[in-house]
Amino acid sequence: MSKPPPIQAVKGMNDILPPASAGWEWFEARVREQMARFAYRNVRTPILEHTALFVRGIGEVTDIVEKEMYSFEDRADKHGQAEHLSMRPEGTAALVRAVIEHKLLYDGGKRLFYMGPMFRREKPQRGRYRQFHQVGVEALGFAGPELDAEVILLAVALWRELGIKNWRLELNSLGQPEERREHRAALVAYFEAHQDQLDEDSQRRLHGNPLRILDSKNPAMQALIEGAPRMIDYLGEASRQHFEAVQAMLAANGVEWRINPRLVRGLDYYNLTVFEFITDSLGAQGTICGGGRYDYLVEQIGGKPTPAVGWALGVERVLELRREEGGQAPEAAPEAYAVIPDAAALPVAMRCLQTLRGHGVAVQMHASAGGEGMGSMKSQFKRADGSGARFALIFGADELAAGEVTLKALRDGTGAQTRQPLAEVAAWASTLKSTA
Ligand code: ATP
Ligand code: MG
């Protein structure tokens, strides 16, 4: 029989394996810690949603909805009706859907966060994948600039905890819809006057969504975009005050920023403050986190008018930035490795390990790789060293006859050994713990 060819992962979708996965777990723990410190609570929504949610929530004339979504028609039900479903390309629309569906705002504003995989059919390259991961925060039901500042400060606190230094913050204000309309008219007039310089995407967006032309990554378009009318010059008094208040709160917290009047963000639903955290260390994919206010989205998805502000960060990019800056991957070593010379000792040894784990000790059991017996002592100690454990627990025949186990230090250079009674694990378990 011929061996079938191996099956590989889908293009642009990555396996996250040890030891790198330990870095992911460490990152996720830091995220949870920061969210708790800011009193943001976790929300988990399904990967699949009705396609209509994203069309409505993200906007029809966006890269995501036009060409990046993984969408399909589900099998027909007994009435012959098939649902149009999409894998979520971002987290906000789904979170807002869940908040409306479950009436989460009945007793006031909510501070929420999510993390998980997102899916976009983009051209895979460094920092751009088809399955990637986001952490996002959304504060719903709060209209004031202090929440814009709070979510930005949350990100800043996270960078500090992660040890990431090479970032800058860019801010802009997109104003309110009526202000946008005026700006939009000026934009359309400007781009119409330079229609010959517009690329194909921009031609299409000119009347559908001209603001998005400002978001074009086409280098040939940049000079034209530089000269375009700036939204910031169209802000009314209230919008300007909101923007200034955000900046005053950032300044009071020692956060620096740069105003970028071309910053519009890829999604349609933003108003007032928009921002991005950008790094120069990752090449073209330099935006590690982006967000802003979206006071009209909840209504657009079918809820009561509700102000909201949030951001999403790209986990792959943040982790790569941390590596670029020399951040060490945390160790994922057990505290002890059980050396078991003879299989006859397994039942007693396993019972001891189980008790140790119950006392919070991380222990790895030596196991036979096949063939006869457990393997030589030499090969078992080699495994113990390779595991990174600080102690070997030796369950030899001598030890067991005495109702004991030997603890041998592997890492402090002494090789010191002690014997401990199997019947009194509670008394010595803590000597194995790295925190002890
Ligand atoms: P970009 O301009 O880089 O395409 P975006 O504006 O489409 O980003 P958002 O939808 O705001 O990105 O998503 C928030 C963050 O998620 C981005 O700042 C980025 O860090 C990350 N991100 C977005 N798309 C991808 C992707 N395909 N692969 C990896 N990370 C991504
Ligand atoms: Mg994009």
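A backbone N or O atom of Gly314 lies 3.3 Å from an oxygen atom of ligand 1, a polar contact in the sense of a pair of N or O atoms within 3.5 Å. The protein covers 92% of the 580 Å² of accessible area that ligand 1 has on its own, by the Shrake-Rupley method with a 1.4 Å probe. This is a predicted model, in which local features need pLDDT of at least 70 and side-chain atom pairs count only at pLDDT 80 or more, while totals for chains, interfaces and linings use all residues. Residues are numbered from 1 along each chain as its sequence is written, and ligands are numbered from 1 in the order in which they are written.

**Contacts of ligand 1**
- An N or O atom in the side chain of Arg128 is 2.9 Å from an oxygen atom of ligand 1.
- A polar backbone atom of Thr287 is 2.8 Å from an oxygen atom of ligand 1.

**Shell around ligand 1**
- Of the 15 residues around ligand 1 (a heavy atom within 4 Å), those that come nearest are Arg120, Glu122, Arg128, Arg265 and Thr287.
- Two or more residues come from each of strands S6 (131–140), S10 (287–293) and S11 (308–314), strands being DSSP runs of E with at least two residues, and S10 gives the most, with three.
- By class, the shell has five nonpolar, four polar and six charged residues, with Gly counted as polar.

**Cavity**
- The largest cavity is lined by Val43, Thr45, Arg88, Gly91, Leu95 and Tyr114, a cavity being a set of points on a 1 Å grid over the protein atoms alone where a 1.4 Å probe fits but cannot get out, and lining residues having an atom within 4 Å of a point.
- About 30 Å³ of space lies in the largest cavity, as filled by probe spheres set on the points.

Conventions
Side-chain values use heavy atoms; hydrogens and water are left out. On a 1 Å grid over the protein atoms alone, a cavity is a set of points where a 1.4 Å probe fits but cannot get out, and a pocket is an open set with protein on both sides within 12 Å along at least five of seven lines; lining residues have an atom within 4 Å of a point. A polar contact is a pair of N or O atoms within 3.5 Å; within protein, one must be able to donate a hydrogen and the other to accept it, and residues adjacent in sequence count only if both atoms are side-chain atoms. Helices (H or I, at least four residues) and strands (E, at least two) are DSSP runs, numbered from the N terminus.
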